[in-house]
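Subject: Structure handover and notes

Dear colleague,

I am passing on the structure below, together with my notes on what was found in it. Please read the notes with the coordinates open beside you.

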Amino acid sequence: MEIKNLAEELGSNPYPGRGIIIGRSPDGKKAVAAYFITGRSENSRNRVFVEEGEGIRTQAYDPSKMEDPSLIIYAPVRVLGQYTIVTNGDQTDTVYDGLVSGKTFEQSLRSREFEQDGTIYTPRVSVILYIHDGIFG
């Protein structure tokens with residue numbers, strides 16, 4: 001199996017879209033989660049990440065240029081106790097709310113499908129990290 005350099009792989013793609021990277025630090029002691037977005041339309045490119053609590057959300061860079069926020073404004077990272085939820089869309093809130101109400105990660109996601117984005121139907125990619133006593137499991 002060939003191991004590719006992520007920076008080169010993403011740099012060679014004219015539209016990598018949205019991505020989630022999950023792993024461990026080189027010393028194996030810390031969890032690492034990264035989320036990135038790119039945009040095709042002017043509306044999609046008009047967003048930035050802002051911190052919200054222990055997570056992040058997107059917001060309009062220039063609110064006066066915002067057209068339809070439904071698929072581009074969301075929290076891709078939220079933290080609930082020992083769980084860190086990372087997704088490529090608004091299903092982060094679905095998982096968070098499900099966990100609060102006693103559902104599992106999987107049960108929470110079963111209420112969702114692909115995004116309603118025309119002929120593309122972007123898949124919903126979601127991960128959950130469990131951190132207990134500083135150990136990633």
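Leaving aside its neighbours within four places in sequence, which residues is Gln91 in contact with? Taking contact to mean heavy atoms within 4.5 Å, Gln91 is in contact with Leu109, Arg112, Arg124, Val125 and Ser126.

Before the details, a word on the basis of these notes. This is a predicted model, in which local features need pLDDT of at least 70 and side-chain atom pairs count only at pLDDT 80 or more, while totals for chains, interfaces and linings use all residues. Residues are numbered from 1 along each chain as its sequence is written, and side-chain values use heavy atoms, with hydrogens and water left out.

Overall picture

The protein chain has 4 helices and 8 strands, where helices (H or I, at least four residues) and strands (E, at least two) are DSSP runs numbered from the N terminus. Their order along the sequence is α-β-β-α-β-β-β-β-α-α-β-β. Of the 137 residues in the protein chain, 29% are buried; buried here means under 20% relative accessible area, exposed over 50%, and partly exposed in between, with a 1.4 Å probe and protein chains only. The protein chain exposes about 8,900 Å², of which carbon and sulfur atoms supply 53%, with areas from the Shrake-Rupley method and a 1.4 Å probe, and with only the protein chains shown counting as cover for residues. Among contacts with a separation of 6 or more, 36% are between residues 24 or more positions apart.

Helix H3

Gln91 lies in helix H3, which spans residues 91-100, and Gln91 counts as buried because its relative accessibility is 0%. A polar atom of the Gln91 side chain lies 3.3 Å from the backbone oxygen of Val125; a polar contact is a pair of N or O atoms within 3.5 Å, where within protein one must be able to donate a hydrogen and the other to accept it, and residues adjacent in sequence count only if both atoms are side-chain atoms. The buried residues in H3 are Gln91, Thr92, Val95, Tyr96, Gly98 and Leu99. Seen down the axis of H3, these buried residues fall within an arc of 165°, so they line one face of the helix, the arc being that of the directions from the helix axis to the C-beta atoms. Just after H3, Gly102 takes a positive phi of about 95°.

Strand E3 (residues 47-52) and strand E4 (residues 55-60) run antiparallel and are joined by 6 bridges, two strands being paired if DSSP finds at least two bridges between them. Phe49 has Thr58 in E4 as its bridge partner. E3 and E4 form a hairpin with 2 residues between them, and Gly53 in the turn has a positive phi of about 60°.

Aromatic pairs

The structure holds 3 aromatic pairs, where rings of Phe, Tyr and Trp (its six-membered ring) pair if their centres lie within 6.5 Å, and planes under 30 degrees apart count as stacked, over 60 as edge-to-face and the rest as tilted. Tyr35 and Tyr74 form an edge-to-face pair, with 6.5 Å centre to centre and 80° between the planes. This pair links distant parts of the chain, with Tyr35 in strand E2 (residues 31-37) and Tyr74 in the loop between E4 and E5, 39 residues apart. Tyr35 counts as buried at 10% relative accessibility, and Tyr74 counts as buried at 6%. The ring centres of Tyr83 and Tyr130 are 5.4 Å apart and their planes are at 50°, so that pair is tilted. Ring pairs also link Tyr35, Phe49 and Tyr74 into a cluster.

Asn43 in helix H2

Asn43 is found in helix H2 (residues 42-45) and counts as buried at 8% relative accessibility. A polar atom of the Asn43 side chain lies 3.0 Å from the backbone oxygen of Asp68. Not counting residues up to four places away in sequence, Asn43 touches Lys65, Met66, Glu67, Asp68 and Ile72.
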